[in-house]
Amino acid sequence: MRTDTGQVFKLEDYRSPNYRIPETRLAFDLQPEQTTVVSELVIERADDAPAGAPLVLDGDGLDLVALEINGEPLGANAYEATPDRLEIHALPKERSFRLKVTTRIDPSANQALMGLYRSSGVYTTQCEAEGFRRITYYLDRPDILSVYRVRLEADKATAPLLLSNGNPIEAGDLPSGRHFAVWDDPHPKPSYLFALVAGDLGVVTDEFVTMSGRKVALGIHVEKGKEPRAAYAMDALKRSMKWDEEVFGREYDLDVFNIVAVSDFNMGAMENKGLNIFNDKYVLADEETATDADFANIEAIIAHEYFHNWTGNRITCRDWFQLCLKEGLTVYRDHEFSADQRSRAVKRIAEVRTLKAHQFPEDQGPLAHPVRPRRYREINNFYTATVYEKGSEVVRMIRTILGADAFRAGMDLYFDRHDGDAATIEDFLAVFEEVSGRDLSQFALWYHQAGTPNVSVKASHNAATGELVLDIEQSSPPTPGESRKRLMHIPLAFGLVGPDGRDMVWETVEGAAVEHGVLHIRKRRHHVRFTGIAERPRLSLNRGFSAPVTLSVEEKPEDRAFLARHDGDLYSRWQALNGLMTDAVIEASKQLRDGRTASFAAEIPDLCGAIATDDRFEEAYRALALALPSEADVAREIGSNIDPDAILAARNGLIETIATANAAAFAALYDRLADHERFSPDAASAGRRSLRNVLLDYLAAGSGSPGRAAAQYRDAGNMTDRSAALAVLVMRHADSSETKAALADFETRFGSDPLVMDKWFQIQAAAPGAGALATVKALTEHPGFSIANPNRVRSLIGTFSSANQTGFHRADGEGYRFFAGIVLAVEQRNPQVAARLATGLRSWRSLEPRRKASAREALLRIAGTENLSPDLRDIVERTLA
């Protein structure tokens, strides 16, 4: 495994390759511990290649067996080979020649789960970002596009299923109980999209007829016996294919589409052309084993990977600096799909909560980077919320600025112009400039500049003249490597809400461009004057979260409360209430740190009671409105000198205050929402369960009794209600006999199902309290936990470090010391998972001094470890910088 960490890759250093590989043929003799790979490549010298330039191919831990050019073996002095690099000096004079490379690898020993590995008896590949070089020597970069023909050979008894990219063209039996299959992919693709799967799996089949009338055979391959749990994934796939035709005009282009679900996988899923490989948690679901959130995630991720067929596969990225071109764009597409399938307002709030929980802290800390990074040492560490979630927001802003019709025209031109290309951000923006006639050069800073801009707003109203003046200023804090920031183009959707709760209409506006309810902020300061505003309005700003910014608005709490009751934009109404709750918890935490008693105004409990019982709103929306900001959300808003214990105590105090004030109404609504119908994962049914389970938490906090939660656990007919009840018991009544009985019962029921047991680990890892660390330590010794399995590690250790603020950030530093040890143990097997875990300490500088010192000590311990992988060293050194 590579341990070199010195090379820094820079965007400005990009050079087109000296050689290309238009054709790739691969032959795999699959053996558990000694797989032989034969690659036959057509190599073409680029017209502008320097004379005598050697052919340098990437490798990673490879064993070279043989090397031929045009059928002739190469002498030892014609090349230099190491496990990580193959350089060939003696090349034919012809522009094109054939290179045959034979390598040998050990799939069973590959615990990093990159390249070709064998786990649970199944051969699987994961080649993004640079895993293909762990299979054979190759020009392993996104701008090398090649057509692939792949021959797989394996033992038929243990691997009756042989899959690769493209269409199947040949198969048959071989001597000694072996068999083979040949796959052909006619669409040129980069090596990171190569895939193969070989094993003994069950399958669910179906068919999709495209808009041009072609029949596509669909297959979802899962562990035998779990086929019924793939039904929802198949339904989501067919809906995704239809939606992409209707909304973006994109038709699928092969005869088959396969999905394979595996239990050992570093990522959520991978979009390999025609052969998507999934973490099984994003495929398997039924009412007994999966929650409504699981069903929603399956729907979104199935769609995301399918949508990559055009935004990622047919059009790929020129280099890894353009990663957001496929990921951010495809996240936008899957968000739009989910919004159309479910509730647009609810989906938008969920998207913003995710962005603020993961991307905003990234922007505010040492790991901040632009949506398109300018440099990296380890590309695996840039599969971040900034690339994915903020990248999606940038695409959304383009649509906001241009309008729906121009946006669709730009996407159509992008698909037509760049099909079969390895494209750049500049290529993407150019099509929108062309169809709209707009200059997007200032807007492009959203791709090039790190950090979250802040927009501050001061308002003054003159009743005598009917004028409203907004003084608006934008600013961006410094981020690593960027001390001075340039001015952004910020599209700020807004409304002026009058005393009657309706949006007011103005006569004229000057000082900034306003189009279709969007105020375009382009300068550092805008003095915006509206006329015809007879009464003072309340400002509803950044409606629908039209721009990923923070807002600093001079307003009174009663203005926010008014918007929480009357704003016509559902996102802004939610944001107003959520902001009131956040401010209340922050103020109460200050009171507690000062030794005072926390107090809360009556307005918030009144608002919560009103929205909970307001049947004009769908239940899913009411559930989101009632959910308090998390402890991490509150900490992010405080920004520095954070005391997690004070935040938890203040947040619990507000929950109890709301619960006490609304006890009767919440209990009546909880009873009314009881679901007596057959389980369905549809949005309306999921929304009812969501609201009922939010109410359950309030009722448990207010009553002090575990009885209601224990009864729901006992009577639950689905995993959503069962796991929600268990979480309430563990969170609110950890030491009760009812909680201990429920935990034991859950383990007995589901102990043989690792995905369901992940929920059991998560629920306990998230529970605050003095015993949290001891609980997590004990669970690492549980038979169902495996440090070698990414899902198990994320469920227990990832949850502890990200969702248990008081347990992880213990004042004595023991949480950090335990965490550092786990990260180092995981790193020995899987550097990627270890590096992602380590980001749990990215906000260490925001803690109060004692915790800050302990967190730094843990980071230094990791950094001081010898032979650290490039993945982990990169994260830790940037976090400490």
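User: Which residue in strand 19 is the bridge partner of Ala217?

Analyst: Val256 is the bridge partner of Ala217 in strand 19. Please note that this is a predicted model, in which local features need pLDDT of at least 70 and side-chain atom pairs count only at pLDDT 80 or more, while totals for chains, interfaces and linings use all residues. Residues are numbered from 1 along each chain as its sequence is written, and side-chain values use heavy atoms, with hydrogens and water left out.

User: In what sense do strand 18 and strand 19 pair?

Analyst: Strand 18 and strand 19 pair in the parallel sense, over five bridges. Two strands are said to pair if DSSP finds at least two bridges between them. The strands (E, at least two residues) and helices (H or I, at least four residues) are DSSP runs, numbered from the N terminus.

User: What stands opposite Ala217 in strand 18, then?

Analyst: Glu207 stands opposite Ala217. Strand 17 and strand 18 pair in the antiparallel sense over eight bridges. They form a hairpin with five residues between them, and Gly213 in the turn has a positive phi of about 95°.

User: What is the strand order in the open sheet?

Analyst: The order of its five strands is 17-18-19-21-20, with mixed pairing. Strand 17 (202-209) and strand 20 (269-270) are at the edges, each with a single partner strand, so one side of each is left without a neighbour in the sheet.

User: How many bridges join strand 20 to strand 21?

Analyst: Two bridges join strand 20 to strand 21 (residues 275-279), and these strands run antiparallel. Met270 stands opposite Ile277 in strand 21.

User: Which strands does helix 2 touch?

Analyst: Helix 2 (residues 292-307) packs on the sheet and touches strand 19 (256-262), strand 20 and strand 21; contact means heavy atoms within 4.5 Å. The direction of helix 2 makes about 150° with that of strand 21. Axes are lines fitted to C-alpha atoms, for helices over the stretch in contact, and angles run from 0 to 180 degrees between N-to-C directions.

User: Why is strand 18 largely enclosed by the rest of the structure?

Analyst: Six of the eight residues of strand 18 (residues 215-222) are buried, so the strand is largely enclosed. Buried means under 20% relative accessible area, exposed over 50%, and partly exposed in between (1.4 Å probe, protein chains only).

User: A change of topic: at what angle do helix 21 and helix 22 cross?

Analyst: The axes of helix 21 (residues 772-779) and helix 22 (residues 790-803) cross at roughly 165° and come within 10 Å. That makes helix 21 roughly antiparallel to helix 22; angles over 145 degrees count as roughly antiparallel, under 35 as roughly parallel, 65 to 115 as roughly perpendicular and the rest as oblique.

User: Which residues meet there?

Analyst: Leu773, Val776 and Leu779 in helix 21 meet Leu796, Ile797 and Phe800 in helix 22.

User: And the backbone: where is Ala129, and is its bond from Glu128 cis or trans?

Analyst: The peptide bond from Glu128 to Ala129 is cis, with omega near 5°. Ala129 lies in the loop between strand 11 (122-126) and strand 12 (146-155). Most residues other than glycine have a negative phi, and most peptide bonds are trans.

User: Is Leu113 buried or exposed?

Analyst: Leu113 is buried, with a relative accessible area of 5%. Its phi is near 60°, a positive value in a residue other than glycine. Leu113 is found in the loop between strand 9 (96-105) and strand 10 (115-119).

User: What is the phi of Asn542?

Analyst: Phi of Asn542 is near 60°, again positive in a residue other than glycine. Asn542 is in the loop between strand 32 (538-541) and strand 33 (550-553), and is buried at a relative accessible area of 3%.
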